[in-house]
Amino acid sequence: MERDSFECVSSLDGIDEEEIQHDHQFESLLKSRNNVVPPAPSRSTSVHELLECPVCTNSMYPPIHQCQNGHTLCSTCKTRVHNRCPTCRQELGDIRCLALEKVAESLELPCKYGFLGCTEIFPYYSKLEHEAQCSFRPYNCPYAGSECPVVGDIPFLVAHLRDDHKVDTHVGCTFNHRYVKSNPREVENATWMLTVFNCFGHYFCLHFEAFLIGIAPVYMGFLRFMGDEIEAQNFSYSLEVGANGRKLMWEGTPRSIRDNHRKVRDSHDGLIIQRNIALFFSGGDRKELKLRVTGRIWKEQQNPDGGVCIPNICS
Ligand SMILES: [Zn+2]
Ligand SMILES: [Zn+2]
Ligand SMILES: [Zn+2]
Ligand SMILES: [Zn+2]
């Protein structure tokens, strides 16, 4: 990770830093909400258990297989067991369990994010599809440059970024950052910085990084909203960098952290500074990168259409 090679000096326009409230952790949230969920009726629980693959314990979807003795298993596991039933060791053959497939079809199950607030109920076969898009599903950790497996709600992730990734959190809607790098000749895709802003009662991630477009080294700054795509549309932001009477400016809509960091970067949806210009803006002998990036986040008028349009600028 290249984080250490970047120094970020931040000054906020007269706004005191505040302790970020993080009064609940995701695990405890999960636990406490689980406690109040009434147990599912036992009939559907037992049918649900039948639909659990005895080998990998995932839910089974057609084609569901069974051995000559009736032991079931999922299609993924079937390809792995070399034609032996994992339960009775008999030859597996190629028998489908149509009855169980039909039973599954008749089932309706609540979304697995019920404990986070989703109240929807789905036919068995469309439940997975919904869960992949459920607006209550937890968010992935927005810290880029590492494969961080942490998921959770926004307050949990804000605390996680601060405590585990040592990310700076600032209160306020304007910012003035100085990015300093001693050897700007080395541009690697992993080089990046993250700062979190708390304004309008929401959290925003400001990313700054160096990467290559083709063979051209560039620096890029962009903002992501810690929340879903629809809510992100309520905000706009600007980034500005310059020196010597020249400046580059970017105005855009923050992307949701549902869009992963790499996707946003690769769509070039942010302020892109070519290295030559970045060194020009740094002044001096072009041996050190010293960029002053100023920016602002503001609230847009509510859009009655509420449509989501995510641009792919480089397409
Ligand atoms: Zn399985
Ligand atoms: Zn068997
Ligand atoms: Zn849901
Ligand atoms: Zn993380």
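**Reading the structure around leucine 291 and the zinc sites**

Q: Which residues is leucine 291 in contact with, leaving aside its neighbours within four places in sequence?
A: Contact means heavy atoms within 4.5 Å. Neighbours of leucine 291 within four places in sequence are left out, and its partners are then His177, Arg178, Tyr179, Phe208, Val241, Ile273, Ala278, Phe281 and Ser282.

Q: What kind of model is this?
A: Residues are numbered from 1 along each chain as its sequence is written, chains are lettered from A and ligands numbered from 1 in the order in which they are written, and side-chain values use heavy atoms, with hydrogens and water left out. Local features need pLDDT of at least 70, side-chain atom pairs count only at pLDDT 80 or more, totals for chains, interfaces and linings use all residues, and the model is predicted.

Q: How many helices and strands does the protein have?
A: Both are DSSP runs, numbered from the N terminus: helices (H or I) need at least four residues, strands (E) at least two. On that basis the protein comes to nine helices and 18 strands.

Q: What percentage of the residues in the protein is buried?
A: Buried means under 20% relative accessible area, exposed means over 50%, and partly exposed lies in between (1.4 Å probe, protein chains only). Among the 315 residues in the protein, the buried share is 43%.

Q: What arc do the buried residues of helix H9 span?
A: Helix H9 (residues 275-282) has the buried residues Arg275, Ala278, Leu279, Phe281 and Ser282. They line one face of the helix, because down the axis of H9 they fall within an arc of 160°. The arc is taken over directions from the helix axis to the C-beta atoms. So the value for H9 is 160°.

Q: What geometry does the site of the zinc ion (ligand 2) have?
A: Donors are N, O and S atoms within 2.8 Å of the metal (3.2 Å for Na, K and Ca); water is not among the atoms, so sites may look incomplete. Here they are Cys67 (SG), His71 (ND1), Cys85 (SG) and Cys88 (SG), at 2.1 to 2.3 Å. Four donors count as tetrahedral if all angles lie between 85 and 135 degrees. The angles at the zinc ion (ligand 2) are 104 to 115°, and the site is tetrahedral.

Q: How many residues apart in sequence are cysteine 67 and cysteine 85?
A: Both cysteines are buried. The donor spacing at the zinc ion (ligand 2) is C-x3-H-x13-C-x2-C. Cysteine 67 sits in the loop between strand E2 (65-66) and strand E3 (72-73), and cysteine 85 in the loop between helix H3 (75-78) and strand E4 (95-96), so the pair ties together parts whose separation is 18 residues.

Q: What spacing do the donors of the zinc ion (ligand 3) follow?
A: The protein donors are Cys111 (SG), Cys118 (SG), His130 (NE2) and Cys134 (SG), 2.0 to 2.3 Å from the zinc ion (ligand 3). Histidine 130 and cysteine 134 are buried. Along the chain the spacing is C-x6-C-x11-H-x3-C.

Q: Which residues coordinate the zinc ion (ligand 4)?
A: The site is tetrahedral, with angles of 97 to 116° among four donor atoms. The distances are 2.0 to 2.2 Å, and the donors are Cys141 (SG), Cys148 (SG), His160 (NE2) and His165 (NE2).

Q: Is histidine 268 buried or exposed?
A: Histidine 268 is found in the loop between helix H8 (261-266) and E17. Its phi is positive, near 60°, though the residue is not glycine. Relative accessibility is 18%, so histidine 268 counts as buried.

Definitions and conventions: Tetrahedral: all angles 85-135°; square planar, octahedral: opposite > 155°, others 65-115°.
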